[in-house]
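Have a look at it first, and then we'll go through how its parts pack.

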Amino acid sequence: TEVRAIFIQLKAAQADLDREEVEELLAEMLDNEFDTVVEDGSVSEVAEEIWTTFALCRRGQEAEVRGRIQRLAQRRLSMRVEAAKSRAEGAGGEDSEEEEEDGGAEAMDCESQPSPDPA
């Protein structure tokens, strides 16, 4: 994966890259590979995780690295569960406050528009 490529580049640079350089590499990878520019600050957070994990690996702190990976996996799972709950609640027919305020006009507008032509 591309994150693995960042680790390889870190190792090749003998850890001379700082966290900001990792952030730049990650942002560049997202832009080049996925044509995505992230503006919510998450690239900085992910770069910090990558940099910290790499530093722990270099110091041989395998247990701490495994713990961090486990926490990330648990967080990912809980985010998926929350997203599924949100989708289920939304599909339950409950009106949102916005729909109640405008009498559901927005929902009707969406339903009445023709589907885009697949061609």
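This is a predicted model: local features need pLDDT of at least 70, side-chain atom pairs count only at pLDDT 80 or more; totals for chains, interfaces and linings use all residues.

Now the overall picture. Of the 119 residues in the chain, 15% are buried. If you take the contacts between residues at least 6 apart in sequence, 46% of them join residues at least 24 apart.

Two helix pairs are worth a look, and α3 is in both of them.

| Helix pair | Residues | Angle | Axes |
|---|---|---|---|
| α2 and α3 | 19-34 and 42-58 | roughly 120° | within 8 Å |
| α3 and α4 | α4: 62-91 | about 150° | 9 Å apart |

How do α3 and α4 lie relative to each other, roughly parallel or roughly antiparallel? Their angle is about 150°, and the cut-off is 145 degrees, so α3 and α4 are roughly antiparallel. On the α3 side, the residues that meet α4 are Glu 49, Thr 52, Thr 53, Leu 56 and Cys 57; their partners in α4 are Glu 64, Val 65, Arg 68 and Leu 72. Sorted by class, that contact has four nonpolar, two polar and three charged residues.

The other pair is a different story to tell. With axes crossing at roughly 120°, α2 is oblique to α3. The crossing in which α2 passes α3 is right-handed. From α2, the contact uses Arg 19, Val 22, Glu 23, Leu 26, Ala 27 and Leu 30, and from α3 it uses Val 43, Ser 44, Val 46, Ala 47, Glu 48, Ile 50 and Trp 51. By class, nine of these residues are nonpolar, one is polar and three are charged.

Let's finish by zooming in on one of those residues, Arg 19, which sits in helix α2. Is Arg 19 buried or exposed? Its relative accessibility is 18%, so Arg 19 counts as buried; the cut-off for that is under 20%. Its side chain makes a polar contact with the side chain of Glu 20, at 3.1 Å. Setting aside neighbours within four places in sequence, Arg 19 touches Ser 44, Ala 47, Glu 48 and Trp 51.

Conventions: Residues are numbered from 1 along each chain as its sequence is written. Side-chain values use heavy atoms; hydrogens and water are left out. Axes are lines fitted to C-alpha atoms, for helices over the stretch in contact, and angles run from 0 to 180 degrees between N-to-C directions. Helices (H or I, at least four residues) and strands (E, at least two) are DSSP runs, numbered from the N terminus. Angles under 35 degrees count as roughly parallel, over 145 as roughly antiparallel, 65 to 115 as roughly perpendicular and the rest as oblique. A crossing is left-handed if the near helix is turned anticlockwise from the far one by less than a right angle, and right-handed if clockwise. Contact means heavy atoms within 4.5 Å. Ala, Val, Leu, Ile, Met, Phe, Trp, Tyr, Cys and Pro count as nonpolar, Asp, Glu, Lys and Arg as charged, and the others, Gly among them, as polar. Buried means under 20% relative accessible area, exposed over 50%, partly exposed in between (1.4 Å probe, protein chains only). A polar contact is a pair of N or O atoms within 3.5 Å; within protein, one must be able to donate a hydrogen and the other to accept it, and residues adjacent in sequence count only if both atoms are side-chain atoms.
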